[in-house]
Amino acid sequence: MRVVNRSHPTFAKRLWIAEVWLFLYAVLLGSGLSSATAQDTTVAPPPAASRSDAKESPETTSQNSTPDAEPARAPDMAPTENTADQRPGLLGKLNALGLTGSLRSGYWSSNRLYDDRGNIGTASTWLRLDKRFENGLGVFAEAFGGREDFRADGNDIARVREVYLDARFGALDFRLGKQIIAWGRTDRLNPTDNLTPRDTRLLAADIDEDRFGSLAAKTSWNLDAFTSVTGVWLPEFRPNRVYLRPGISEVIPTGSRNWALKLDQSGKAVDWSVSYYDGYDLSGDLSASYVFRHYRTRVVGFDSATTRGAWRFALESAYTRTEDPDGTLAYVKNPFVYTVLGIEHDFGNNTSGIVQLFNRRVMKYQTPSAAEQLHAILTSQLDRDQNGVSVRIAKKWWNETLETELSGSALLERRGYLIRPRLSYAWSDQIKLLAGYEYFDGSSNTLYGLLKRNRLLFTELRYFF
């Protein structure tokens, strides 16, 4: 175990410098392989399998999706392929090598550090290398760097989100390196998504841009055109990144015994999967001495989805066995069952809507004492049952150049809710404007109430190359 104080949001320099070298190595490897193969052969298009396990982004579809669709974690990084192929000069050459990216600048009325600082300017560069070759080998890397808050005491940010190699041999797919593995078929609330973390401190305008990868080895065996078995081993553990107030520290496990299995069927009338995860808890537990500790968990999960005409139905549920199976340890989560049921409808005219009901049921429940209440709120175990509803309505306008969305969620027993309007406007193939607002409210014994200081308005301008 190692003790880390992460009260300051700036990333640890030793870690991100090493990761930047990995990213640059992947870029050079992709360029070298491209040069070696381009002389006598045409690069084949990528196979049907995706470059990520993440489900299709709910921002881009209202139809049934599979876990192997283009991931929600990947923000738009470049113009369409045809446009990129026509670009002259250096940018066209970089695009042909599989390297794309964006320059971003934005304004945020608040940060996500639970303080009173506001009026924050941001600027960053995002780069992505995505190249697959005729021999079945592929290389992928994505990184960003920039600055959050231009003031003298602002934060420099840098991260390599993913950098990995993958290959296909017959019915087997292999992937090795730092990668994002996101499981689940419901919309943004995913009980089976327990493998790789998020950074809630990051000022990210797109849903799922706060994800970042962990070092992992993943193998998928395609039993037929619809069914696969996937095994994952994570030799390192990376937890969710949250802002830690002064006086709060964190113990991060160093064990390598983190693994998962999934049996998945996609492409038939009903898509489904069953999964198992044995590893450390991404979220952790806050002790009486204000130390976040990450205990081992075992998660058995199930998800399914089907489409009937303009309707889509999805169900996802997971049972988590914690290190307190009898419910006797005050500052360790009890075992719990987390279930999400979603109904989505395509109304036509580029309009869709989703309603989801969610429930967290705590096993071996005992009423928390006053001293244990903060831990119970942070882990959603203040009550035996936590019931809630989430809603999302989306519409595209002006030949789909303008995308608008209104989403939110609320607890049914206690007063707590989130409202999040958002819009995205594509001025051209290269220029995009995003804006949104996040409004939290609720009583102090809900997570929504604790996040009141994180209410914020944001705008961001992107240039893609």
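Ten bridges tie strand E18 (residues 385-397) to strand E19 (residues 402-411), and the two run antiparallel. Here two strands count as paired if DSSP finds at least two bridges between them. Helices (H or I, at least four residues) and strands (E, at least two) are DSSP runs, numbered from the N terminus. Keep in mind that this is a predicted model, where local features need pLDDT of at least 70 and side-chain atom pairs count only at pLDDT 80 or more, while totals for chains, interfaces and linings use all residues. Residues are numbered from 1 along each chain as its sequence is written, and side-chain values use heavy atoms, with hydrogens and water left out.

**The whole chain**

- The protein chain has five helices and 22 strands.
- Of its 465 residues, 51% count as buried; buried means under 20% relative accessible area, exposed means over 50%, and partly exposed is in between (1.4 Å probe, protein chains only).
- Take the contacts (heavy atoms within 4.5 Å) between residues at least 6 apart in sequence: 60% of them join residues at least 24 apart.

**Strands E18, E19 and E20**

- Between E18 and E19 sits a hairpin with four residues between the strands.
- Val-391 stands opposite Gly-408 in E19, and Gly-408 in turn stands opposite Ile-419 in E20.
- E19 also pairs with strand E20 (residues 416-426), again in the antiparallel sense, over nine bridges.
- Another hairpin, through four residues, takes the chain from E19 to E20.
- As a general point, side chains in a regular strand alternate between the two faces of the sheet.

- Strand E2 (residues 99-110) pairs with E3 in the antiparallel sense, over eleven bridges.
- Ser-110 has Gly-118 in E3 as its bridge partner.
- E3 and E4 are antiparallel too, with eleven bridges joining them, and Arg-132 stands opposite Gly-138 in E4.
- The hairpin formed by E3 and E4 has five residues between the strands, and Gly-136 in the turn has a positive phi of about 90 degrees.

**Two residues with positive phi**

- Trp-398 is not a glycine, yet it has a positive phi of about 50 degrees.
- You'll find Trp-398 in the loop between E18 and E19, and it counts as exposed because its relative accessibility is 59%.
- Tyr-290 is another residue other than glycine with a positive phi, this one near 60 degrees.
- Tyr-290 lies in the loop between strand E12 (285-286) and strand E13 (291-293), and at 39% relative accessibility it counts as partly exposed.

**Nonpolar cores**

- A nonpolar core is a set of buried Ala, Val, Leu, Ile, Met, Phe, Trp, Tyr and Cys residues joined through side-chain atoms within 4.5 Å.
- The largest one has ten residues, including Ile-181, Trp-183, Leu-195, Val-232, Leu-234 and Tyr-277.
- A second, separate core has nine residues, among them Phe-336, Leu-418, Phe-440 and Leu-451.
- Leaving aside residues up to four places away in sequence, Leu-234 touches Leu-195, Thr-196, Ser-214, Leu-215, Ala-216, Ser-256 and Asn-258.
- Ile-181 is in the loop between strand E6 (172-179) and strand E7 (214-222), and it counts as buried because its relative accessible area is 1%.
- Ile-181 and Lys-218 are 37 residues apart along the chain, and their C-alpha atoms are separated by 9.3 Å.

**Cavities**

- Searching the whole structure turns up five cavities of 30 Å³ or more.
- On a 1 Å grid over the protein atoms alone, a cavity is a set of points where a 1.4 Å probe fits but cannot get out, and lining residues have an atom within 4 Å of a point.
- The second largest cavity has a volume of about 120 Å³, where volume is the space filled by probe spheres set on the points, and points are joined across faces, edges and corners.
- It is lined by 15 residues, and the closest to its centre are Ser-124, Trp-126, Ile-157, Leu-203 and Glu-460.
- Strand E3 (118-132) and strand E4 (138-148) each supply at least two residues of that lining, with the largest share, four residues, coming from E3.
- By class, the lining of the second largest cavity has eight nonpolar, two polar and five charged residues. Ala, Val, Leu, Ile, Met, Phe, Trp, Tyr, Cys and Pro count as nonpolar, Asp, Glu, Lys and Arg as charged, and the others, Gly among them, as polar.

Technical notes
1 Å grid on protein atoms, 1.4 Å probe; cavity = no way out; pocket = protein on both sides within 12 Å on 5 of 7 lines; lining within 4 Å.
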